[in-house]
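Q: Can you walk me through this one? I'd like to look at it piece by piece.

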6 protein chains.
Amino acid sequence: MRVLVVNVNTSASMTATIARAARRNASAGTEIVALQPAFGAEGVDCAFESYLAAVGVIDRVVTYRERYDAVVLAGFGEHGRDGLQELIDAPVVEICEAAAHAAMMVGRTYSVVTTPRRSAAAVEDRLRLAGLDQRCASVRATDLGTAEIDRDPVLAMEAIIGEARLAVEEDHAEVICLGCAGMAGLEEAITESLGVPVIDGVGAAVRFVEALVGLNLRTSKVGAYAPPERKEIMGWPLSHHLQLGGPHR
Amino acid sequence: MRVLVVNVNTSASMTATIARAARRNASAGTEIVALQPAFGAEGVDCAFESYLAAVGVIDRVVTYRERYDAVVLAGFGEHGRDGLQELIDAPVVEICEAAAHAAMMVGRTYSVVTTPRRSAAAVEDRLRLAGLDQRCASVRATDLGTAEIDRDPVLAMEAIIGEARLAVEEDHAEVICLGCAGMAGLEEAITESLGVPVIDGVGAAVRFVEALVGLNLRTSKVGAYAPPERKEIMGWPLSHHLQLGGPHR
Amino acid sequence: MRVLVVNVNTSASMTATIARAARRNASAGTEIVALQPAFGAEGVDCAFESYLAAVGVIDRVVTYRERYDAVVLAGFGEHGRDGLQELIDAPVVEICEAAAHAAMMVGRTYSVVTTPRRSAAAVEDRLRLAGLDQRCASVRATDLGTAEIDRDPVLAMEAIIGEARLAVEEDHAEVICLGCAGMAGLEEAITESLGVPVIDGVGAAVRFVEALVGLNLRTSKVGAYAPPERKEIMGWPLSHHLQLGGPHR
Amino acid sequence: MRVLVVNVNTSASMTATIARAARRNASAGTEIVALQPAFGAEGVDCAFESYLAAVGVIDRVVTYRERYDAVVLAGFGEHGRDGLQELIDAPVVEICEAAAHAAMMVGRTYSVVTTPRRSAAAVEDRLRLAGLDQRCASVRATDLGTAEIDRDPVLAMEAIIGEARLAVEEDHAEVICLGCAGMAGLEEAITESLGVPVIDGVGAAVRFVEALVGLNLRTSKVGAYAPPERKEIMGWPLSHHLQLGGPHR
Amino acid sequence: MRVLVVNVNTSASMTATIARAARRNASAGTEIVALQPAFGAEGVDCAFESYLAAVGVIDRVVTYRERYDAVVLAGFGEHGRDGLQELIDAPVVEICEAAAHAAMMVGRTYSVVTTPRRSAAAVEDRLRLAGLDQRCASVRATDLGTAEIDRDPVLAMEAIIGEARLAVEEDHAEVICLGCAGMAGLEEAITESLGVPVIDGVGAAVRFVEALVGLNLRTSKVGAYAPPERKEIMGWPLSHHLQLGGPHR
Amino acid sequence: MRVLVVNVNTSASMTATIARAARRNASAGTEIVALQPAFGAEGVDCAFESYLAAVGVIDRVVTYRERYDAVVLAGFGEHGRDGLQELIDAPVVEICEAAAHAAMMVGRTYSVVTTPRRSAAAVEDRLRLAGLDQRCASVRATDLGTAEIDRDPVLAMEAIIGEARLAVEEDHAEVICLGCAGMAGLEEAITESLGVPVIDGVGAAVRFVEALVGLNLRTSKVGAYAPPERKEIMGWPLSHHLQLGGPHR
């Protein structure tokens with residue numbers, strides 16, 4: 001089975017991190033192909049960048065010319081899943097929703113811990129729209145900015161563990177979903193420290209698309225995700241029209 | 001006061017229709033500037049096209065170089081309002097939400113009537129996310145395709161009035177919000193036929209941004225709509241990098 | 001345009017304060033007529049007084065003999081809006097709902113700050129019934145009694161700002177709606193101190209009825225707000241039958 | 001035990017009917033005192049009349065000078081219960097809520113059947129505010145006007161049974177709450193015809209206040225229903241100031 | 001009237017305590033028959049034991065050969081009420097639901113205080129399923145284990161009063177429902193200390209089944225609680241097949 | 001990997017059918033062990049039988065002495081999942097929840113089709129408690145009794161397809177979850193006829209426990225599913241104490 005794992009960010013190093021997480025969690029027979037958009041933010045931090053990333057991810061998948069069986073949308077709570085589901089038949093699973101599904105299978109309640117604060121709004125909206133928010137005890141965010149996290153990853157990890165602890169102790173979360181990719185050792189540290197299952201959305205999403213493919217399930221095409229009418233769309237696909245050496249703002 | 005009314009579609013004739021609706025409903029001192037994206041679908045019909053439109057609308061507004069006081073996002077239930085709110089301080093009102101706000105002021109319940117069926121999902125999601133769905137009696141859609149509507153506008157109008165009648169008689173809607181722009185005479189026909197207020201989102205949105213500007217209210221910048229960190233974004237703004245004569249799919 | 005702004009309290013000085021707030025926020029062409037009930041509490045503080053005020057406001061409006069275009073019900077969260085909507089065709093907007101509508105247009109979440117604690121229940125009920133509570137982060141009240149507020153307005157203002165700060169910092173409110181009329185300078189003080197938009201319901205309601213009148217919208221008469229059957233009602237209108245020099249409790 | 005059963009209407013014959021229903025359902029040791037307001041509509045049919053009735057009911061109870069143990073507010077879904085709870089310590093139960101409580105004890109879901117259509121909105125709002133709407137399968141109304149019901153009670157009863165049947169068959173209601181007082185034989189006719197428990201709110205409310213008194217429970221005074229500050233209220237109690245032979249509209 | 005009060009625990013001393021609470025609160029003409037299952041946990045503390053108790057309670061009631069008029073299921077939030085309702089016609093009221101019903105009649109909001117923490121989840125689920133959770137301000141639990149409570153009942157009572165105080169002061173509960181049976185003097189201590197009504201579910205349930213019997217209401221048999229088809233069930237009733245002197249785990 | 005698939009019914013033929021469904025959908029390396037309770041109903045049809053089945057399933061799993069990695073609870077919407085999760089660490093997935101999880105991954109809305117009508121209530125309750133009901137368009141049931149289904153399986157299949165069609169056409173379901181085990185060919189027939197994905201809960205549950213085991217996730221033990229205190233429980237495990245040749249009712 002061949003699974004596209006599409007980073008929403010244009011950072012190649014983050015794509016590599018996500019690819020490693022995907023491969024570490026995939027079944028033996030699953031081949032992971034990690035992709036990233038041809039344009040957009042290095043690190044998606046807000047709604048504007050998320051819309052741009054949605055278009056970038058869709059562009060990347062529809063211009064991908066090899067065979068694949070399923071897609072993992074690797075942006076925690078980012079936009080675009082439904083748009084991609086319209087355009088392809090293969091299952092598409094987004095990593096925030098995947099983490100919530102897994103969490104609800106192993107606990108009565110779960111919390112999401114993310115950075116920074118403004119990401120919490122995006123995650124809450126994603127869970128609300130997906131109908132997965134009822135067993136969500138809280139979405140907690142450290143108030144660290146990206147710069148601070150880069151400067152001091154140990155401090156960042158402690159801040160995240162601190163929020164996870166509050167989620168367990170004050171919000172009565174039984175499972176923690178990590179809303180920030182790629183901090184080596186973070187899952188183990190939280191489980192050790194708090195004794196709760198910790199879920200990384202990339203791994204969960206990979207296993208769930210494997211399950212869907214194994215069940216021969218494809219995206220329903222009778223309603224919201226039916227293929228759009230074929231039509232000419234000005235400038236689409238964007239990656240074929242962009243001159244990326246051109247003028248920046 | 002100067003209000004940007006941004007069509008989500010790239011059809012110039014639809015932009016003109018929306019501009020007329022905006023001007024017909026604006027106060028005496030309000031100047032309407034009608035804009036449209038530089039890329040995207042002529043008529044947005046699905047989630048994929050809506051994400052592309054969100055980016056197109058944001059691109060159009062941030063590259064607009066004149067002064068303005070507020071923005072109306074003229075795509076019924078389309079994406080992008082929050083992204084735009086992050087990037088500018090001036091009030092941004094989306095027309096589906098505007099219609100719902102107005103409807104809740106003049107009736108106990110309201111329904112949205114739209115075409116086609118798949119648009120209903122987008123409208124429902126928009127209202128749910130905006131927290132405006134509780135007094136929504138129903139979102140009803142005719143099952144006409146765009147082609148059928150173009151071929152036979154009289155049939156389309158009858159189908160819409162038929163759904164509005166069902167909304168009033170079966171769902172107990174007291175107000176009808178029109179989720180389809182630009183059918184001349186439609187509002188009058190429904191009000192005459194059913195005796196209920198009918199709301200066109202463009203007009204409502206124009207009046208509401210006038211109200212917000214009059215109250216000196218601007219978008220809150222302490223939470224979800226805070227300005228993103230300044231950073232280089234690959235390919236942005238897209239309209240500066242696109243070679244639109246280039247290769248299409 | 002002529003707008004009746006009806007105070008729910010029988011205090012003439014409060015009516016004057018409300019009139020000033022209305023005029024400060026109205027458009028150039030809008031004439032504000034400030035009214036108050038002929039009976040009821042000087043300051044409405046509880047549900048009993050609110051029901052009495054509802055009847056007093058309705059009595060005042062239906063015995064008003066001049067022309068008007070819309071009504072603002074100036075009692076934050078008080079009863080009576082739907083009753084008045086049954087009896088007249090012109091738009092009626094209540095100031096708590098108006099504040100919530102405006103808040104949802106400029107922020108993702110809002111809080112209401114009011115005095116005293118028991119008012120919070122009335123506001124919560126009003127928002128729940130109106131279907132406007134989903135984006136409400138909290139309704140917070142200072143625990144000051146009316147007497148304390150009168151005695152020490154500076155203390156009161158500090159207490160309100162303190163609750164607004166908690167709303168922003170702990171409940172993640174992005175907008176503050178003021179549920180207490182007439183503290184000069186309070187809005188500016190909160191905005192300065194917390195950097196969030198602050199909404200006064202009277203101003204918002206005036207601007208929204210202007211918008212509705214501008215859109216030619218009147219209250220829907222097909223459902224809950226249809227005119228009641230004409231019938232004799234014992235003692236109605238109360239103001240015509242009351243001998244107010246008579247025996248008090 | 002002495003229970004005040006307060007009709008919201010000023011019709012003496014309806015008060016007598018309600019008194020009979022209360023006495024038929026009361027325990028052996030319970031004395032029923034039936035009261036009605038000194039002013040207001042003969043039959044309350046809309047929100048305006050309901051607010052007036054709320055004030056009338058409160059006026060009647062606070063001017064009642066004998067001892068009593070509890071109050072039943074006999075207006076299906078009408079206003080005023082919380083206002084009365086503020087002013088007295090004895091338990092107050094409203095008949096629509098009482099019916100819902102009883103229904104939830106003997107079935108998984110219930111429907112309310114009422115006349116006319118506009119009453120359904122009031123009932124829905126009452127149940128929503130009381131937090132009793134989740135197991136409510138539907139609020140159904142016949143579309144008969146009061147005049148038609150008076151003219152042809154057999155037709156009315158058939159219409160009500162018809163709606164009850166639809167509630168059971170289409171909405172899967174397991175219990176029917178009657179939202180219209182005083183049709184002799186109606187409960188038996190529905191139970192015979194549909195095989196479901198039928199609940200009359202007056203009887204349920206009488207039994208529930210007996211239960212509360214038996215448990216020594218009184219209305220909580222620490223929050224929303226705390227007694228208001230003592231103050232002079234202009235024109236209150238209204239019944240002491242009204243000259244009811246005076247000018248009517 | 002004869003009411004079965006069925007303890008979910010197999011502890012005879014707890015059955016006696018529950019019987020006393022029931023008798024203290026019952027009307028003069030009500031005979032209380034206290035029963036307990038023939039198998040299961042001495043004290044039910046978790047979902048597994050609760051399922052076993054549900055079966056034990058049902059077994060006890062269906063093998064009871066005397067006449068009775070109603071059943072009180074005396075396990076705060078435990079399973080089995082709906083199963084019992086299928087098998088008998090007489091009213092069945094569970095004590096957690098009874099407490100919530102009573103609380104909603106005398107206050108705007110209520111909290112449940114229970115021990116230990118894990119019981120809170122069961123109570124929340126019971127209230128959610130029963131549709132009685134909307135006016136629930138909180139379900140609070142002391143973190144004491146059963147052993148600690150046995151060892152030091154004074155400490156336990158203080159811990160419970162402490163949680164009740166937080167419920168009133170922080171969660172704005174107006175009524176406290178006690179989710180732990182049989183601490184003599186606890187209700188009085190809380191009311192004295194906090195000034196709020198305190199509800200013991202056993203008493204409330206007894207009074208409510210009296211009310212239902214008085215109203216001639218029996219469980220609806222048209223839907224979820226219809227009698228199951230008669231069939232042979234292997235091992236049922238369990239109490240007839242169990243050899244309780246046999247091998248234990 | 002070794003997965004216990006536990007039928008809630010005591011019918012050996014149904015256990016065999018479920019085992020076939022599990023094996024057909026399992027991954028290559030997964031060994032399916034099909035179990036059934038030692039007591040209870042041949043076919044579970046109501047809440048009482050479901051509670052008995054919950055205890056029977058838990059009894060069967062805790063007395064199973066071999067190694068296993070996960071458990072599938074094969075009773076559509078039946079009780080007991082949380083009880084089992086308390087007693088073991090290995091993941092436990094219930095088939096109704098599994099079907100809902102899978103449905104939400106491949107469609108925007110789903111419906112459950114089941115027999116008979118009374119099962120719909122159990123399924124609705126299961127989904128509500130699990131927090132998976134928001135995207136559920138409907139739970140539909142044929143009104144066929146078990147006897148009719150046995151007598152005429154073709155009629156039954158047509159009835160189920162008919163309800164599935166109504167779910168798609170009237171409730172706008174995009175995915176159908178089958179709430180009735182073991183009708184050969186039913187999934188294919190619905191997909192062919194309606195063009196929507198059809199989900200069998202057994203297959204979905206097997207694939208999801210494989211995913212959880214692959215992710216090294218085990219049930220959280222910090223909250224609701226923590227292991228109960230060790231204690232003597234009278235009669236437990238029931239299967240060790242039952243004399244099944246003994247007296248039946």
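A: Below we go through a sheet, a helix pair and a pair of chains.

Q: What should I know before we start?
A: This is a predicted model: local features need pLDDT of at least 70, side-chain atom pairs count only at pLDDT 80 or more, and totals for chains, interfaces and linings use all residues. Residues are numbered from 1 along each chain as its sequence is written, chains are lettered from A and ligands numbered from 1 in written order, and side-chain values use heavy atoms, without hydrogens and water.

Q: OK, the sheet in chain A. What is the strand order?
A: E6-E5-E7-E8, in an open sheet of four strands with parallel pairing. Strands here are DSSP runs of E, at least two residues, and helices are runs of H or I, at least four, numbered from the N terminus. Two strands pair if DSSP finds at least two bridges between them.

Q: Which strands stand at the edges?
A: Strand E6 (136-141) and strand E8 (198-200) of chain A. Each has a single partner strand, so one side of each is left without a neighbour in the sheet.

Q: And how are neighbouring strands turned?
A: By 25 degrees against each other on average, direction ignored.

Q: How many bridges join E7 and E8 in chain A?
A: Three, in the parallel sense; E7 spans residues 175-178. A:Cys177 stands opposite A:Ile199 of E8(A).

Q: Which strands does H7 of chain A lie across?
A: Helix H7 (residues 153-169) lies across E5 (110-114), E6 and E7 of chain A, at about 155 degrees to E6(A). Axes are lines fitted to C-alpha atoms, for helices over the stretch in contact, and angles run from 0 to 180 degrees between N-to-C directions.

Q: What does H8 of chain A touch?
A: Helix H8 (residues 186-194) packs on the sheet and touches E7 and E8 of chain A. Contact means heavy atoms within 4.5 Å.

Q: Switching to chain E. At what angle do H4 and H5 pack?
A: About 65 degrees, with the axes of H4 (residues 95-106) and H5 (residues 117-130) of chain E 10 Å apart. That makes H4(E) roughly perpendicular to H5(E); the term covers 65 to 115 degrees.

Q: Which residues make the contact?
A: E:Cys96, E:Glu97 and E:Ala100 from H4(E), and E:Val123, E:Arg126, E:Leu127 and E:Ala130 from H5(E).

Q: Last topic. What rotation superposes chain C on chain D?
A: 180 degrees, with 0.0 Å of shift along the axis and RMSD 0.0 Å. The two copies are thus related as by a two-fold rotation axis.

Q: Which C-alpha of chain C is nearest the axis?
A: That of C:Leu242, 2.2 Å from it.

Notes: Angles under 35 degrees count as roughly parallel, over 145 as roughly antiparallel, 65 to 115 as roughly perpendicular and the rest as oblique. Copies are superposed by least squares on the C-alpha atoms of residues with pLDDT of at least 70 in both.
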